[in-house]
Amino acid sequence: MKSLKLYRRMISYLSAYSPWIALSILLSFLVANFEMLSLWFGGSLVQTLFDPVKGEMARPSFSFGNINGLLKYYTWLIIRRENSFDSLKLVCLLMAVTFLAKNILIYCKSLVMAALNLNVVKDLRNQLYYHALKLPVSWYDRSKSGNIMSIILNDAASINASMTSTFDRLFIEPMRVILCVSMLLIINVELTLAVVIIFPLIGTLITIVGKAVRRRSKRVLEHMAGLVSILYETINGIRAVKMFNMHSIEADKFRGENRRFIHHSFRSTSIGAVSSPLTEVFGVVCVILLLWYGGRQVFSADGFGAEDFVRFLIFLFTTFTPLKALSSINNTLQSGFAAAERVFAVLDAPVEPLAESAPGTAPSFTRSIEFSHVTFAYPGTGAEVLKDLSFTVRKGTVVALVGSSGAGKSTVLDLLPRFYDITGGAILIDGVDVRDCDLAGLRHLYGIVAQETVLFDETVYNNISYGSPGVKRDLVIDAARAANALEFIEKMPHGFDTMIGEQGIMLSGGQRQRLSIARALLRNPPILILDEATSSLDTESEILVQSAINNLIVNRTAIVVAHRLSTIRHADTILVLEAGRIVEQGSHAELLALGKRYKYFYDIQFATRAPR
Ligand code: ADP
């Protein structure tokens, strides 16, 4: 009953639009009734043409067994005219009117459905995106970004396409089937029963095909996500692809994934495609048998005339249309389920407890941040990357982390704003465990200047004021000045209103860093997390960036992963990390005097460069 649960959950997105749904169901009901009327008059047309009623028609007595006779009598009352020609005209007119009405109603219903469909996709995408933004960083470590994009863009739409169209058809098609079968029963019970025996056979067939389609379409979606993620990775990393001459290897990777996608798409389509011809073949076999059986009844003339048989056949053929639609409902549903599983997996991923605690519990920072016997392993991996780490950062001091690559420096920085939760020990701010603090409040304490500057395809002004909405323009300009960014910003074509392109593509590395320093300065956070870029800048840029950093950390509490000599020299405490442990701790002079690990780093990295 997993499918039923999935479907119920999918349908819950429609509940916000119940008036639209009610309208759509009403329209469906009207469409089905007008259809029955038009078909009934179709039978009357045949009767008027080939076997018009001569003279008066006697009113049959009422009985359940003779509803057909009564209906025919009332139809005759409506269409009887002096001559058959006038009757024919009237029947044609009635048919035309009922068909026209049916199609106008179908058009109205399409509009209602489209409005419903689009609104539900909109809601689902909004919810997915909002949820995705609240998911922890560790979730993003596990998921490819192309995959997430594909879920929000493609899967949300395909869930919905399958949901609204099937929801609608689940109402109208069974209604049409019921109306048609009632008409068949009214016209000839015996013939109808003969037909009904065939139905379960078709039903079984539909279920088997549906299951196969579901398996296939899940695979198709996976390969689609694979394609998107290859595209995303290479387009984002186009420079690397070019530099390493990876064109042909990347193209081969894409070709391979594309081939698998097409292969699975074809298999999925081919299985889906067999379902509707198969249903029709069954139907036709059934009709041929009936023609023979019913034809014999007409010849034997026991109250079952040609008009009745023609009507019976018209209604029978009409029954196949909704039945076919019902069989394709199953296919649409199954592909919707595949998408739903992926969408709901995102929606069910637990979010960060951002607003879990009361707003009043935002931590204050007056004394210190303390790491107390902290151990940490990345979620899903067993290996501890930080082991029994203890140190204290007092307010107003600068602590620098030094160590070889992979020692755990960036991990320490990521633990401060709780991008990940520690696995042992505690991180305390003024003695309060960060896990007891309001997460939004905690993050508000920090300003981050990361190695990879995060810039948005926006104006310079909006990039600096990101995270400080509604701030005064003067303050933005002051921040830019302190970050040594004012000069180059003013030289840009539209100054602060220049768009900087995706990821700040229009800017140099040093300019990007200075923008993100300006952003941190503007937010004026009590604690600064600084992951100095290792990428080498030209000397002039480096001086500008360094002096911007000095402006940034002056009189501030800062935790720095330091690569620049001057930052390290002026740090109050230097922690030397090695494989997740602190191996040395002290000031620049103390550690140099110690003559061990730090001295070694100092010698190989900085000794050749004069201190600034
Ligand atoms: P550093 O910044 O000192 O170079 P990191 O803190 O980036 O070191 O990494 C410390 C260790 O944690 C490394 O062994 C690295 O492979 C591992 N690591 C880093 N990020 C992740 C992650 N998202 N998932 C799993 N392991 C990670």
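Strand β1 (residues 368-377) pairs with β2 in the antiparallel sense over seven bridges; strands are DSSP runs of E with at least two residues, helices are runs of H or I with at least four, and both are numbered from the N terminus. Two strands are taken as paired if DSSP finds at least two bridges between them. The structure is a predicted model, in which local features need pLDDT of at least 70 and side-chain atom pairs count only at pLDDT 80 or more, while totals for chains, interfaces and linings use all residues. Residues are numbered from 1 along each chain as its sequence is written, and side-chain values use heavy atoms, with hydrogens and water left out.

Four strands form an open antiparallel sheet in the order β2-β1-β4-β5. Its edges are β2 (384-394) and β5 (432-433), each of which pairs on one side only. Ser 368 has Arg 394 of β2 as its bridge partner.

His 373, placed in strand β1, has a positive phi near 50°. Most residues other than glycine have a negative phi. His 373 is partly exposed because its relative accessible area is 48%, where buried means under 20%, exposed over 50% and partly exposed in between (1.4 Å probe, protein chains only). A positive phi, near 60°, is also found at Asn 484, in the loop between α15 (473-482) and α16 (486-491). With a relative accessible area of 21%, Asn 484 is likewise partly exposed.

Arg 267 lies in helix α10 (residues 247-300) and, at 33% relative accessibility, counts as partly exposed.
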